[in-house]
Structure formats: C-alpha cells, structure tokens
Amino acid sequence: MTAPAQPIQQPKARVAAWRPAFIRSVPLRLSVFLICFLWSVPTLGLLVTSVRDPKNITTSGWWTALLHPFEANQWTLSNYQTVIASDGMGNAFVNSLIVTIPSVAIPITIAAFAAYAFAWIPFRGRGILFTIVVALLVVPIQMSLIPILQIYSAGNLYGSYLGIWLAHTGFGLPLAIFLLYNFISQLPRDIFESAAIDGATHLQVFMRLVLPLSIPAIGAMAIFQFLWVWNDLLVALVFLGPGADVRVLPVALYNLIGSRGGSWHLLTAGAFITMIVPLIVFLLLQRAFVRGILAGSVKS
Amino acid sequence: MADIRTEVPGPSRFVLPILGLIALGLCVAGVLVLYDPQGGPNLLASIYDSLGNTSGATALRNGSGDQVIAKLLLAVIALLVGVGGIWLLFLLVGGAVGLLQAKWRDRILPWVFAGPALALLAVFLLYPAAGTIVRSFQNDKGQFTLANFAVMVEPEFTQILRNNAIWLIVGTGASVILGLIFAWLFDRVRREALAKTLVFLPLAISLVGASVIWTFVYAFQPAGQPQIGLLNAVLVGLGGKPISWLTTSPINVFCEIIIMIWLQTGFAMVVFSAAIKGVSGEVLEAARLDGATERQVFVRVIVPMIRGSIVTVSTTIAIVTLKIFDIVFATTGGRFNDDVVANRMFHEIFQFFEDGRGAALATLLFIAVLPVMYINLRNFRRQQVEG
C-alpha cells in the first residue's frame, strides 16, 4: 500500500469539523446501553425478587423495591433458607456436585488419550474412525434415550451416579475428542520426533509433553462440559430420575415449578441457587471459555 | 530437547505397579459402593460399627441419622474413583503394554489410547442410534410397521412439526442477526468488554433457570390487579390490556423462542466479534474512502467477508434449537398448542409409553441434522487435504 496519507485523513477531518466525535457517537452509545439494559433486566428481576419479603412480591412489581432500596425490612434471606432446607435445593446442590465433577473429568481424560492417538499414533482404520467421531458431533441425544434406558433398566444403572457419569461421558466425548484433536494435532512435529529419538514411549510423550502443552484446550473443554452437565435437565431426568435423594439442581428447580408454581419468592431463590456456580465459573474463566468457542467454531 | 524418560531405580520398578494395583482394587470397591443405591449409608454404618457407635449405625441403616455425612462420603468416593480411577486404568494398562515386545506394543497401544473412547461412542451413540431407527419401524410386539410415522400427518403432530420449524427459523435467524449487529455495534464503543460480558452471560444459565427468569417477565394477573410481570406492567402502563403470554397461542411459541434468542445471541456475538476483528483494516478503510457509510461497510464488506463464521454459527444454533426441550418442558409443558418434537418425545416415552412414536420423533430430528452432518464432514475432509 503506497497510497498517500493525505486523502485518508481528509474526509474524517471534514466531518469532525462540524460534528464533534462524541456527539456523533451518541446514538451508537445509546443503543449499546439499551441492548445491555434489555439483556440484564430479566436476570436483575430474578435477583431482586429472590431477596424480597414474600408478601410484597405478589402485590407490587420488583422494580418498585428499587425505588426505596434503603427500607431494610423489605429485604430478606428467608426465601433462600426455605428452598435450601424444606424444598431440597441444598441436597440437590450436593447431588449436582457429585454428578458434575466426574462427568467432566472422565470424558476429558478419555478424550485426551483418544485425541493423541488420532493425531500422532498411526493405526489401521484411524481415518474412518475419526470421520465417525466428526459425524457423531451432531447426532441428537434423543437418538440414544430409549435404547440406553433399556440397557440401564436391565443393568440396574437407572438412578445411579455411575449410570449418569457414563451417560454424560458418552454424550460429551465427540466434542471433547474433536476439540482436543484440533489442538493436539497442531502441536509442532519436532517435539514428537526428538522425543522418539530419545526413546520416549507414547505414554511418556503424552504425560510429559502433550498434556502440559494442551492445558488451554483442556481447560476450555472442561468449562464447556461443566456448563453442559451442571445445566442439563434432560439426561438427568431420564437416567437419574426425579427421586428426591438423587435429583440434581435443574430437576429440583423443575419440580419446584410444578409444586410451588405461584410462589415467586421460592422459585426465584431456587433458580438463583442453580445459577450461582456457573455464573462464577463463567465470570472468572470467560477468556478461556471464549477461546474454546473460537477454537471449536471458527476453525472448522 | 531434554530427555523426558525417568530412570526408574530398582525397587520402585516393582513398588509402583503394586501400589497401582492396590489403588485399582480400591477403585473397584468404590465403584461397587456407588453402584449400590444404599452404598453410602451402609458404608458409613460399617464405619460407625467399627468405631463402636452402634446406635448411629442402626439409624443409618433405617434411612435416618447422619444421611448428610453419608452423602458427602459418597461424594468423596465419587471424586476419587471418578477422577483418579480412570487415570490409574490408563497408566497401568499403558505401562503393561509398554513391557511387551515392540511388534506387539505398536499394534496394541493405539487401541489402549483410543479404545475406551471408541467403545463408549459405540455403546452410547452408535448402537442406540441404530436401535432407535429400528424401533421407529416397529410396533410394541416388534413387528414391522409404518404407523409410527403415519401419525405424523395428523393435525396434532403437524402442529408440533410446524412449531419446530418456527423455532428453527426464527430462533436461529434472530440469534444470528442480533449477534451480528451487536458484534458490529460493540466493536466501536469503549467499554466493549463489559457490554459483551452482559450479553454473553445468559449462556452460563441453564435453560430451566432461564425459563424461570422469563416466566417471571411474562407473569400475568387479570386486568385491574397489580402486574408483577415486567412485560405486562409495561403494557398496562402504556394503556394496554394484560396478556397471558405463555398460554395464548400462537404468541406463546414466540415468547418461548425469545428465551432461546436471549441465550444464544451472546454465543453468536462472540464468534462474530472475533471474526470482525480479523477483517483487514485496509479493506474497511478503502471502502470508507470510496464513500461507503458505516452501515454499507457492514452489509457489503464485513458480512460477506465473515461468511464462513456465519455458516458455522448458524448451523450450531440451528442444531440447538431443533432439539429444544427444556424451555417448552419447563414453561408450559407444551400444553397450549406450543409443543415441539423433543418435548413430545419425552411425553410419548414417559407418559404415554409409546416408545415407537418416541423413536419416530427422534428419527425425524436425526434426519433434520443430516445436512449439517454432511457440511461438517465436507469441511473436515477439506481441512485434512489442506493441512
């Protein structure tokens, strides 16, 4: 580009002369503000309602509470106490932890080994097998429900933690293998060649080189899988069931809608309990999450 | 490149595998505890017994007592077994295969690495998919029939299919278009990161949670009573009559789709935002020099240049909206002419015990994603050839 600098500057300067930049950008900034406001208001309403005194909730809109925020007697945490204790949200929270952590760790471990094999160990049938993995990426979970349910009923896995870990592992694997393969296959070839010259085995290369180098991809995939499992309703409902002793947060919240339909003070508090962990994870690890999304969608 | 092998000193050559085997045994015991529905309380009861706390043990066995501690014990075992066990298995089997002769090792090792994943894919996706397709052509006695698909032309089901089509087109279209516009607008303001976070945040919320949030926005009280739902309050404030948004067909379908748009727009925006930043500044400057307005630059230059991202995001969101279940299930249950395929499938299986119809509905979803599968495979092949 050898274009002279002057013509580039001129049109801007001319406009700016009679309409200063900050006034020109007012409609833009106003619309951005409006969008952010619209996108946040529903969640704000939930949060405010969850800490309001129940008797005010049905008689006035939640926004009226914000008009006089310093009247301390309109705020309360009793809604949370009620849903955690008597509506079983506390128990469901523990269940969600028990279900989620292995359901994230197991598929990512299995997928990492598989992705390494697909990327760096030549074996017969590798190409066609990986093509099947790519094809399975979009197969709806609904295709699996009926046959797996039959297997689980026969094998006494219905309603067990073991059963739901395996189900989440199976359903999470295609994306996990695909994302980790995309990353691991792009690692520089030299490091594998020099490791082979040193006589390192595949297991050593995987443990000492590939895993440490793949932490960004593994982290992003872990966030995906965490959000998916923690927020999942369908798989938990079908394979773990609605029983009070095993139900996870989304199932418990769904039950709350059924049993406490009009009780907004409990529903909003319950909903916020289901959201709190993913929101924290998300806000802390937003960057890694975005990196994962971009690796998963832009490249392919 | 440093030598990455470790020199294993004599004794630990035997100690490590033995420790590994012991740990594996403990993991198997842990799995058995987890497999037993009463495993947690029973284990804690045995611990109490050995500590001499017989009354505590009896209470646990009768379903009362320290159930919370039993649950937490189960959680700890779950973590150790779930996270540690799988690593142990890979390391032990991988290590054992490493001791074999080179010829055998090279043949077996890839299957040690990829085998568990392939086996799970076969059990949880391939076999069930085939089973579901077969089941959709069978009646309850296992005989061949087309009846499960034949009912799909009845009004009850055509409405479901129509609703799914609306979800697919409106949900995907609006998320993608709004995502594009937001990415373009946010790109030019100073607090871009904050604005993006606010729009992106709903992606962390479960669909059930989002359904509660929006059911509250749509809350309805008869005219004359105070409106606690934001939308009706605004409507009444402007002089209108309150509407029961979620029970009035056909607007309820669109009200539910808005929940999905609220969730998915952030995803689209983030991908488009990155793509827009990848468009060369020189190209944009050239367009502006030619007298193009910002809007023209966006429509005529930016959008065509990030076409690839638009296709990927559209197909991703299309698949999510096609399978939509939670929102309809949690807001209305599909009882007000707003049912969709995945929700109906759930009710066919668990309420009407019509597995054949459920399988047929799943198969319809599968057929609908086939074009996306084709696009993905074609892109993947192309990538392999280039790379």
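**Figure 1. Phe353(B), an exposed residue in a loop of chain B.** In this predicted model, Phe353(B) is exposed, with a relative accessible area of 60%. The residue sits in the loop that runs between α16 (341–350) and α17 (355–386) of chain B. Most residues other than glycine have a negative phi.

**Figure 2. Asn156(A), a residue with positive phi in chain A.** Although Asn156(A) is not a glycine, its phi is positive, at about 60 degrees. The residue belongs to the loop between α9 and α10 (161–184) of chain A. Asn156(A) counts as exposed because its relative accessibility is 57%, and the cut-off for that class is over 50%.

Figure 3. Ser144(A) is part of helix α9 of chain A, which covers residues 142–154. With a relative accessibility of 1%, Ser144(A) counts as buried, since that class takes in values under 20%. When neighbours within four places in sequence are left aside, Ser144(A) is in contact with Phe171(A) of its own chain, and with Phe124(B), Leu125(B) and Pro128(B) of chain B.

Figure 4. Most peptide bonds, by contrast, are trans. Pro250(B) is found in the loop between α10 (230–237) and α11 (251–278) of chain B.

Figure 5. The secondary structure of chain A consists of 17 helices and 0 strands. Its radius of gyration is 26 Å, whereas a compact globule of 300 residues would have one near 19 Å, and its C-alpha atoms fill a box of roughly 80 × 75 × 35 Å along the principal axes. Of the 300 residues in chain A, 54% are buried. Among the contacts in chain A with a separation of 6 or more, 73% come from residues 24 or more positions apart. Carbon and sulfur atoms hold 68% of the accessible surface of chain A, which comes to about 12,900 Å². Chain A carries 16 positive and 8 negative side chains, and the centres of these two sets lie 16 Å apart.

**Figure 6. The two domains of chain B.** Chain B is divided into domain 1, residues 11–99, and domain 2, residues 154–386. The C-alpha centres of domain 1 and domain 2 of chain B lie 44 Å apart.

Key. Residues numbered from 1 in each chain as written. Chains lettered and ligands numbered in written order. Predicted model: local features only at pLDDT ≥ 70, side-chain atom pairs only at ≥ 80, totals over all residues. Heavy atoms only, no water. Helix = DSSP H or I, 4+ residues; strand = E, 2+ residues; numbered from the N terminus. Rg over C-alpha atoms; globule rule 2.2 N^0.38 Å. Buried < 20%, exposed > 50% of the residue type's maximum accessible area, 1.4 Å probe, protein only. Contact = heavy atoms within 4.5 Å. Areas by Shrake-Rupley, 256 points an atom, 1.4 Å probe, with all protein chains shown as cover. Lys, Arg positive; Asp, Glu negative; His and termini not counted. Charge placed at Lys NZ, Arg CZ, Asp CG, Glu CD. Domains from an automatic or database assignment.
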